[in-house]
Amino acid sequence: MWCEPIAVIGLGLRLPMSDCPRTLWQMLCDGIDATGDIPSGRWPSASLFDAAPDRPGTIRNRKAGLIEGVELADPAAFRLSKRELRQMDPQHRLLFECAWHALEDAGLPFDAVRGSRTGVFMGVNFSDFQRMLARDWAALDGYSVLGTTASFAANRLSYAFDFRGPSTVSSVGCASSTVALHEACRSLMLGEVEMALAGGVELMLSPDSSIMLSQAGVFSERGQCRTLDAQADGYVRGEGAGVVVLKPLSKVDPSDRVYAVIRGSAVNHNGRNEWIMAPSASAQADVIRQACAQGGVAPASIDYIELHGSAFLKGDAAEAEAIGEALGPRRPAPCRLGAISNNVGYLGAAAGIAQFIKVCLSLHHRTLAPTIHVDAPNPLVAFDALGLSIQTELEPWAAREPGVPPRAGIVSTSLGGANGFVVLEAAPAAVLERTPAPVHFLALSALSQDALRQRALQLRGFLVATPDSVATLEDICFTAALKRQHHRHRAAVIAGDRAGLVALLDSLAASSGTTLLAQEGMPLEQVEAGRVFVADGVVPTEAFWVRAGRCVSLPVYPFQRQRLWPEWLSPDEVCRSPKDARPEASSLLQAAAVAAGDASRVPDVRGEAQMRAFLRGHLADVLEVEPETLDVQGRTFFELGLNSIGATLLKERISRALELPLATTLFFELPRLEPLAKRLVSLLEAGRGRLPSDSGDVSTPEQEEQGLMERIAGLSEDEAREQIARTLAELSLEVA
């Protein structure tokens, strides 16, 4: 069944040495190897390394393609407490950041897509973080469930951006993100969703998974991915994440920038094979033909294919054989082959999305990037007979006959036998009439003042480095004002040319509190539009000289990340064999609980003012913020970042500290500080009894003590013995 083409309109990524489409493309064009030695801050590889391939509990090489800052996150962007973020798998946090950047890159303000039928389809394989947390059961809490369950890798995105379409995770090994792409395309084709986010992630947080893979014999002894090379002997691992924004080509807005178009996709399995990990050339050829048939594309029209890139002589040969068989021998030019794994390492569950993003950028730039680490071709591949060649140079994409756009594909396989293929082609040329504008209004915003200053520096550098032939000032200002979400801290600069904008951004970044800067002589309506934007976050479109524009890739949002990591998971702890006891784990956790204020002593809290201060302190502890930074005025606990698990933790702390039996529902019935403080004060007073009245009444404790003495005095000796025996029996004590 032929399906409607699907447009790729946004890219978000974090890969080794690259955090946006621009830096990734530059790295690929420069032929950089982004892998290196695993640093001791991740785990002490010296104690784990052993070149022998079968030494138990060791890893065969010290190399990997890593990203920096996996222990960091921006709580303001997540709108979650630090406590919850510490228990969240960094893979989920990374996907959130990539989804944010992908939506920005697509020119989709978050408010514009909130509540839409947008599907989220993610690929995830390993969960190192869950295994690490499980090393100490006392460290597990309700947040551990939300933070490490695989489905939350997608569900978290649907919740954060208020998407109402399907939200699923695919876990089929190394083909996971390619299968997620296929599921997204199928959902769009069936009309289940109007837009989709698809992607995948893999991080190396613990040596566990690397030990398993090393013992499976898949790691390169020399420490390089050399896909298609005669010396290929396995791979080095890489890590990262990518998310793409997809929608039907017929729904593309004239202002959208389309990187590439998906024509078809398919997945299958090897079935019964030599062994489960053995590749199957016939199954891979079938999946290529299925994807081409679905898109109505002749296999012979494909110019370039991005290989899976596991860097084994036999595996590479099987992929090449499958491609040659599916595409057929009668083609005017050889099909070029390449592999991003040679640059960044083998990305596991994120491999497919990394391949996909590379091909999208190649089609967008009409340029083929070089494949590094190929000194001599794989001797098991008959390149000429199969009509294939290795793309080893940076060169323009060769033009084909009129009416046939450049086409490419990505192929995925997995250790478990799953295969996938996606067919892409260059986007149709968009025609947009341009009218130069005499005045340029550049809007910028962020979640904090520090991020706003950083944003100003980002845009300043972008304007200096980006020529008008790549992105016009009209398109830059159009994108910044009308194709981005505007946050609570806002600023605007207004100038007549690029140099003027650069100078004003310099001043804005250096100032403290300035939010609107304009060159002398700027029209009053532009300056007034700037005031409105800074005050309300609304850009009056009539203030623009150019009403139409095209979305361009601006610098990604500058997350203000901070370390949010379970501190007991030190590199030494991460590398501790699970059979080795963790010293004094329970006592360390107990000390931490006491330091956090979990004391059994009843505090002397009297009056609503003291109760509010008491609640504020405990709420700040649960959210892991400084009490003085907690803006509770008129806001609910849930607006501050609390959820049902946090409410349960808060209830337990307060109930224990006040020695009051409390229901968790109380925090939902009274979700603000003032009414909750009032209720707790009344409960305390009822428990303590009110102060003696003028009539001379004794307090409740005195009444209870006097009544007890009277009841004891009224008992006979036998009745007293029977009552004492019954009470001791209830306490499981024996009386001699």
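1. The largest nonpolar core of this predicted model has 78 residues, and Leu103, Val245, Leu442 and Leu505 touch the most other members. A nonpolar core here is a set of buried Ala, Val, Leu, Ile, Met, Phe, Trp, Tyr and Cys residues joined through side-chain atoms within 4.5 Å; buried means under 20% relative accessible area, exposed over 50%, and partly exposed in between (1.4 Å probe, protein chains only). Helix H4 (residues 90–105) gives the most to this core, with eight residues. A second, separate core of 47 residues includes Ala180, Cys185, Ile353 and Trp397.

2. On numbering and limits: residues are counted from 1 along each chain as its sequence is written. Local features need pLDDT of at least 70 and side-chain atom pairs count only at pLDDT 80 or more, while totals for chains, interfaces and linings use all residues; side-chain values use heavy atoms, with hydrogens and water left out.

3. Leu442 is in contact (heavy atoms within 4.5 Å) with Leu459, Leu463, Ile476, Cys477, Ala480, Ala491, Ala492, Val493, Leu501 and Leu505, leaving aside its neighbours within four places in sequence.

4. Ala499 lies in helix H18 (residues 498–510); helices (H or I, at least four residues) and strands (E, at least two) are DSSP runs, numbered from the N terminus. Ala499 counts as exposed because its relative accessibility is 57%. Between Ala499 and Leu463 there are 36 residues in sequence and 8.6 Å in space, C-alpha to C-alpha.

5. The axes of H11 (residues 281–295) and H12 (residues 313–327) come within 8 Å and cross at roughly 45°, which means that H11 is oblique to H12. Axes are lines fitted to C-alpha atoms, for helices over the stretch in contact, with angles from 0 to 180 degrees between N-to-C directions. Angles under 35 degrees count as roughly parallel, over 145 as roughly antiparallel, 65 to 115 as roughly perpendicular and the rest as oblique. From H11, Ala281, Gln284, Ala285, Ile288 and Arg289 meet residues of H12, among them Ala318, Glu319, Ala322 and Leu327.

6. In helix H8 (residues 152–161), the buried residues are Ala153, Ala154, Arg156, Leu157, Ser158 and Phe161. They pack against elements including H4, strand S5 (118–124) and helix H7 (142–148). After H8 comes Asp162, with a positive phi near 60°.

7. Helix H1 (residues 21–29) has Pro21, Leu24, Trp25, Met27, Leu28 and Cys29 buried. Their partners include strand S1 (6–14), H4 and helix H14 (351–365). Gly31, which follows H1, has a positive phi near 65°.
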